[in-house]
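This briefing covers a protein model with a ligand.

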Amino acid sequence: VTKSDASEDRSYRASYEDVGGLDKELQRVREMVELPLKYQEVFFQLGVDAPKGVLLYGPPGTGKTLMARAVASETNATFLHVNGPEIINKFYGESEARLREIFETAQRRAPAIIFIDEIDAIAPKRTDVIGDVEKRVVAQLLALMDGLKSRGQVIVIGATNVPDMVDPALRRPGRFDRELSINPPDMSGRLRILKIHTRSMSIDQSVDLEKLAHMTHGFVGADLAILCKEAGMNAVRRLLPEIDFTAGIRDDDLAKLKVTMDDF
Ligand code: ATP
């Protein structure tokens, strides 16, 4: 499996602490994914089937990928990231073989999470599909999901912005039979997310995160992350000319290096 179709990078770790404003959703994901991956025997002993597939749906930038990564990191599972449109377009003609490879890799490196981003591109409703290729890819994905052992150590997380566009066959029992809607954050969610993204920044006491949370109605997590990053860059731009580098950075200069409210 090459890096482009299913990149497995352990270097990019995320923790539950990195996910803001999705406490209930994260709890559900942990029940559905972490428990079966970690305590397979318990499910086996009880005769309870763990889910094979979980579908996360909601607008872009709300943290679907982040949550999937966090669960993988926290359970030390292999994380295989598959991009729906890429597997269809880039590997046109080889899409099914790619999917098989990814599932094989996952089983070999179990416990594993296969994360399929924009799954609607791989598995659109078959009635809507013109080409035979897409039909075959959907069929392949269904077969691969059916082939996963019910108490196996591979869980597939699909993500989509348009759940209605996903082939209903994928949403039947034994496939993506758990669904979770991931919504844009409310006020307190935005505050949590702002705290997360300013955590490692040196911020001045003028920075009023609550006020920022109020002002950012409609922002999703990805927007808030960018907002914080830009504020940091604004601070750099503002402060650089003030520093006299000739004698190295002095302590009183260092003390000035803080992101202020105006930088946001
Ligand atoms: P898409 O549908 O576009 O793939 P997504 O829902 O998967 O979007 P992510 O890729 O997880 O969104 O979010 C992008 C980035 O935005 C994250 O890496 C993170 O920095 C930030 N972010 C998004 N949601 C949250 C959140 N709930 N808490 C903290 N950070 C978030």
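Among the 19 residues around the ligand, the nearest are Gly20, Gly61, Lys64, Thr65 and Leu66. The model is predicted. The ligand takes up the space of the largest pocket.

**Ligand contacts**
- One nitrogen atom of the ligand lies 2.9 Å from a backbone N or O atom of Gly20.
- A nitrogen atom of the ligand also lies 3.0 Å from a polar side-chain atom of His197.
- A polar backbone atom of Ala222 is 3.4 Å from an oxygen atom of the ligand.
- On its own the ligand has 620 Å² of accessible area, and the protein covers 79% of this.

**Shell around the ligand**
- At least two residues of the shell come from each of α3 (64-75), α8 (187-198) and α10 (221-239).
- By class, the shell has 8 nonpolar, 8 polar and 3 charged residues.

**Largest pocket**
- The largest pocket holds about 500 Å³ of space.
- Its lining has 27 residues, and Gly61, Gly63, Lys64, Thr65 and Leu66 lie nearest the centre.
- Two or more lining residues come from each of α3, β5 (154-160), α8 and α10.
- The most is given by α3, with 4 residues of the lining.
- The lining of the largest pocket consists of 11 nonpolar, 9 polar and 7 charged residues.

**Second largest pocket**
- The second largest pocket holds about 180 Å³ of space.
- Of the 13 residues that line the second largest pocket, Ala235, Val236, Leu239, Leu257 and Lys258 lie nearest its centre.
- This lining divides into 9 nonpolar, 3 polar and 1 charged residues.

Notes
Residues are numbered from 1 along each chain as its sequence is written. This is a predicted model: local features need pLDDT of at least 70, side-chain atom pairs count only at pLDDT 80 or more; totals for chains, interfaces and linings use all residues. Side-chain values use heavy atoms; hydrogens and water are left out. A residue is near a molecule or strand if one of its heavy atoms lies within 4 Å of it. A polar contact is a pair of N or O atoms within 3.5 Å; within protein, one must be able to donate a hydrogen and the other to accept it, and residues adjacent in sequence count only if both atoms are side-chain atoms. Accessible areas come from the Shrake-Rupley method with a 1.4 Å probe; for residues, only the protein chains shown count as cover. On a 1 Å grid over the protein atoms alone, a cavity is a set of points where a 1.4 Å probe fits but cannot get out, and a pocket is an open set with protein on both sides within 12 Å along at least five of seven lines; lining residues have an atom within 4 Å of a point. A molecule sits in a cavity or pocket if more than half of its atoms lie within 2 Å of its grid points. Ala, Val, Leu, Ile, Met, Phe, Trp, Tyr, Cys and Pro count as nonpolar, Asp, Glu, Lys and Arg as charged, and the others, Gly among them, as polar. Grid points are joined across faces, edges and corners, and a volume is the space filled by probe spheres set on the points.
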